[in-house]
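Work through the exercises below with the sequence and the structure in view. Each task is followed by a solution in steps.

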Amino acid sequence: MSHDTATLDATSASASAPEAAKPRKVFVKTYGCQMNVYDSDRMTDALSKDGYEATETLEEADLVLLNTCHIREKAAEKVYSELGRLRDMKKARAKDGREMVIGITGCVAQAEGAEILRRAPAVDLVIGPQTYHRLPDAVKRAKRGERVIETDYAIEDKFEHLPAPEKARTRLRGVTAFLTVQEGCDKFCTFCVVPYTRGSEVSRPVAQIVSEAEKLVDGGVREITLLGQNVNAWHGTGPDGTEWGLGDLLARLSEIEGLARLRYTTSHPRDMDDSLIEAHRNLPKLMPYLHLPVQSGSDRILKAMNRRHTAAEYIALIERIRAVQPDIAISGDFIVGFPGETDDDFEDTLRVIEAVGYAQAFSFKYSIRPGTPGAEMDGHIAENVKAERLEKLQALLFRQQNAFAEACVGKEIDLLLEKPGRMPGQLVGRSPWLQPVNVDANGCEIGDIIKVRITGTGRNSLFAEAIGWRADLKGA
Ligand code: 5AD
Ligand code: SF4
């Protein structure tokens with residue numbers, strides 16, 4: 001996925017760039033999670049100070065950044081194959097006397113930086129996720145001929161050094177935005193690389209988050225999704241000196257006028273504290289959607305995964321959340337074929353899925369991440385068994401997702417209009433439960449929240465009709 005910053009405000013970017021006669025162009029290719037999308041935007045912002053404008057056309061880029069993800073299998077191989085293409089392009093450019101700087105950022109850079117520099121001579125710089133504020137300087141050094149590697153965990157706070165989103169730019173990015181509030185993870189699930197690539201858990205301070213959220217809202221953003229690898233482990237100190245959890249932070253952000261909706265992702269079951277559960281009862285701006293991965297339904301496998309909760313505790317937690325917010329859509333992540341998983345363990349996972357009823361889900365075959373404890377475990381499962389289990393699990397989840405969507409038909413909901421649809425006069429928005437909804441909304445604008453009635457379901461979206469006249473439509 002290449003991200004959407006190509007529409008950066010060119011005048012503001014080049015005005016602050018004394019050394020740039022002609023604006024230079026940066027192409028960022030973003031892989032993986034929303035946090036990488038957020039980081040790509042912040043990197044582009046940081047580079048704009050040196051006269052770089054974002055482009056979505058690789059051919060016109062002077063600087064190419066691959067913002068990589070390590071959570072999926074064969075992540076490094078994908079990067080090397082992309083680098084093969086870039087190397088050829090760089091060579092062709094060199095013949096015409098044109099420069100092309102290539103940088104690798106993100107979690108693959110963090111995990112395999114030195115190896116990348118060794119294997120791929122075309123790469124000029126490698127920067128891990130904790131050191132993005134040093135990117136502009138690294139680019140300058142690379143242009144002077146140095147091969148730069150910055151993967152030490154920074155002691156300084158990268159967020160203090162990265163520019164906050166600017167008004168004009170965020171407006172161009174649309175009416176929804178991500179805001180990173182927490183990074184890293186101390187949970188050490190035995191299948192996962194995140195604690196090694198993103199480092200230990202760090203929370204951003206309240207004042208920094210509030211000021212960034214206010215800037216986003218000033219720039220036209222109506223919905224903010226708080227991001228963190230372990231977002232509900234976020235903690236901080238409130239202005240009154242008391243210890244705050246994510247529920248308190250959401251309550252503070254709810255007070256921002258003009259902000260209509262809040263979401264957060266991704267959560268760990270062990271960090272769903274009372275204040276966060278209560279926030280789902282008390283904060284009308286907090287959308288009824290919760291991504292709460294369980295990974296497996298077998299207590300034996302959960303233990304081997306170091307999840308530190310049981311299946312029954314997870315189900316009880318979902319029940320507590322539904323007791324305060326019956327309307328909530330639950331989403332999850334699942335891994336099948338973790339080392340040692342028997343047919344009975346797998347059946348336990350299906351039972352948890354039956355008990356919970358998911359509106360949305362992401363499911364994966366276990367695959368080895370070198371350096372994680374899971375890689376060293378006995379009892380690795382054959383590929384064909386994993387594939388069979390995944391198919392069965394996905395069929396069940398698919399039925400649940402369809403049932404959830406079907407149950408929406410006939411409901412009257414608020415819809416935040418986000419972008420034009422395929423048909424003239426059509427706009428696409430998100431339901432409170434995060435489903436894309438297509439609606440004929442003549443006269444309405446992107447950013448409006450309108451009342452609609454759901455009329456039908458599509459493959460991955462819903463259809464709706466606007467209710468009433470335009471004057472009645474303007475929502476919160
Ligand atoms: N194998 C398969 N899936 C994994 N995930 C993380 N690591 C692995 C792995 N080694 C999945 C988990 C996580 C999601 C982001 O990716 O389900 O929640
Ligand atoms: Fe990885 Fe999430 Fe487990 Fe942390 S809590 S180790 S990010 S799966």
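**Exercise 1. State the accessible surface of the protein and the share of it that belongs to carbon and sulfur atoms.**

Solution. The accessible surface is about 20,800 Å², an area from the Shrake-Rupley method with a 1.4 Å probe, where for residues only the protein chains shown count as cover. Carbon and sulfur atoms hold 52% of that surface.

The model is predicted: local features need pLDDT of at least 70 and side-chain atom pairs count only at pLDDT 80 or more, while totals for chains, interfaces and linings use all residues. Residues are numbered from 1 along each chain as its sequence is written, chains are lettered from A and ligands numbered from 1 in the order in which they are written, and side-chain values use heavy atoms, with hydrogens and water left out.

**Exercise 2. Decide whether Q325 and V385 are buried, partly exposed or exposed.**

Solution. Step one is the cut-offs: buried is under 20% relative accessible area, exposed is over 50%, and partly exposed lies in between (1.4 Å probe, protein chains only). Step two is Q325, in the loop between helix 13 (311-324) and strand 15 (329-336); helices (H or I, at least four residues) and strands (E, at least two) are DSSP runs numbered from the N terminus. Q325 has 16% relative accessibility and therefore counts as buried. Step three is V385, in helix 15 (residues 383-408). Its relative accessibility is 27%, so V385 counts as partly exposed. In the protein, 56% of the 476 residues are buried.

**Exercise 3. Describe how helix 14 and helix 15 pack.**

Solution. Two packed helices are described by the angle between their axes and the distance between the axes. Axes are lines fitted to C-alpha atoms, for helices over the stretch in contact, and angles run from 0 to 180 degrees between N-to-C directions. For helix 14 (residues 343-356) and helix 15, the angle is about 10 degrees and the axes are 11 Å apart.
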